[in-house]
Amino acid sequence: MFVFLRNQKIRGLLFQALTVIGLVAFLWYIGSNTLSNIEQRGIQTGFGFLEGTAGFGIDQSPIAYTEENTHGRVFVVGLLNTIIIACVGIVFATLLGLMIGILQLSNNWLIAKLAKAYINFFRNIPLLLQILFWYNVVLRSMPSPKESYTFFNMFFINNRGLYFPLPEYNTTFFSILFSFILVIIGSIALNIWANRRKALSGKDFMVWPIFVMLLLVVPMLAYFISGATLNFSFPELRGFNFKGGKTLSPEFLALAFALSIYTATFIAEAVRSGIQAVNYGQKEAAISLGFSGYQSLKLVILPQAIRIAIPPIINQYLNLLKNSSLATAVGYPEIVTVFAGTSLNQVGQAIEIITMTMLVYLIISLLVSAFLNWFNHKMQIKER
């Protein structure tokens, strides 16, 4: 009767089907049990709460927001703040991690040991403690606004944050911004053309001088063509605080510092291991061709090392994104703090709010992972 079970393929399909059925049954039981408990306790369900008035303020919002706005608006504000802090952390963690990873292999004994000490120190302290350290010990101990540290009489830092000039969003500003974007896109296209030209003919084409020249000339032309009316709002001390300009709060600064410094330690180790994984014969070949140490690193070693380091660096980017939820410890208004925190306490619909918050992190992580995996595939060495 059970002779067909001796077939390994049929047996494998049967076990897979039983596993799927068991999983579906388990999820159905959990879902039905949850809905039954919700009905018995009279808990309101649905997403209608998103249209309700929030009734609380948010100090740092990248878009217009008031207490009269809805919980849906709170969700958007929290999402944007999460994306902003994640992008800032990724940029600075990458730059710092790349630098520290290279310095670890320096021939200078002191520099190499300092880089290693940095990694061992910050990597082994919990991230939450680092956030609290930057917030409570460093930033909150800064002087009051009247005694602010000032740089060039335009930048001010005190226990209420960092203040700096902010350009007015007029035609000239957007013309200059658009010119910067055009220069960057044009330089990337030129670099792709130069690499293809070198692969076919072996001839080098210097892209950097052209990029620097365009970066200086094109925005300047955009400035004069658009009317040369670029104005700035400068921070000024009025009463007990600064008015005007742009402010970065202590909560944002503490979170950005901690995320960048902590994640940079793991990126530095990935860069170091990538460099050491490059065959030493590659370095000897570069030296035999007359390359300097800088040229060897830039043209021969780093291009190969980065290909090796990209997969673990992707994991660190995803960890940084998820670790941004620790912002709730200092009150930075990202999605966990304002939506899964304040909004949840007001409306009490935990299932909907927690599910939406989880989906946000899941979707963003999958998008980042997909893009970086595509980039990793493009960076791989193509064998012939």
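Mentor: Gladly, and let us begin with a pair of helices: α5 passes α6 in a right-handed crossing. Right-handed means that the near helix is turned clockwise from the far one by less than a right angle, and left-handed means anticlockwise. Helices (H or I, at least four residues) and strands (E, at least two) are DSSP runs, numbered from the N terminus. Keep in mind that this is a predicted model, where local features need pLDDT of at least 70, side-chain atom pairs count only at pLDDT 80 or more, and totals for chains, interfaces and linings use all residues. Residues are numbered from 1 along each chain as its sequence is written, and side-chain values use heavy atoms, with hydrogens and water left out.

Trainee: How are α5 and α6 oriented to each other, roughly parallel or roughly antiparallel?

Mentor: Two packed helices are described by the angle between their axes and the distance between the axes. Here α5 (residues 171-201) and α6 (residues 208-225) pack at about 155 degrees, with axes 8 Å apart; axes are lines fitted to C-alpha atoms, for helices over the stretch in contact, and angles run from 0 to 180 degrees between N-to-C directions. Angles under 35 degrees count as roughly parallel, over 145 as roughly antiparallel, 65 to 115 as roughly perpendicular and the rest as oblique. The two helices α5 and α6 are therefore roughly antiparallel.

Trainee: Is G202 buried or exposed?

Mentor: G202 sits in the loop between α5 and α6. Buried means under 20% relative accessible area, exposed over 50%, and partly exposed in between (1.4 Å probe, protein chains only). With a relative accessible area of 52%, G202 is exposed.

Trainee: Which residues of α10 does α2 meet?

Mentor: The axes of α2 (residues 71-103) and α10 (residues 335-347) come within 7 Å and cross at roughly 160 degrees. That makes α2 roughly antiparallel to α10. Contact means heavy atoms within 4.5 Å. From α2, the residues H71, V74, F75, G78, L79 and T82 meet, in α10, I335, V338, F339, S343, Q346 and V347.

Trainee: Which backbone oxygen lies 2.8 Å from a polar atom of the S260 side chain?

Mentor: S260 belongs to helix α7 (residues 250-277) and counts as buried at 7% relative accessibility. Leaving aside neighbours within four places in sequence, S260 is in contact with V88, G89, F92, A93 and L96. A polar contact is a pair of N or O atoms within 3.5 Å; within protein, one must be able to donate a hydrogen and the other to accept it, and residues adjacent in sequence count only if both atoms are side-chain atoms. The backbone oxygen at 2.8 Å is that of A256.

Trainee: Which strands stand at the edges of the four-stranded sheet?

Mentor: This open sheet has the order β1-β2-β3-β8, with antiparallel pairing; two strands pair if DSSP finds at least two bridges between them. One side of each edge strand is left without a neighbour in the sheet, because each has a single partner strand, and these are β1 (149-151) and β8 (246-248).

Trainee: What is the bridge partner of F164 in β8?

Mentor: Start with β2 and β3, which form a hairpin with two residues between them. Next, β3 and β8 pair in the antiparallel sense over three bridges. In β8, the partner of F164 is K246.
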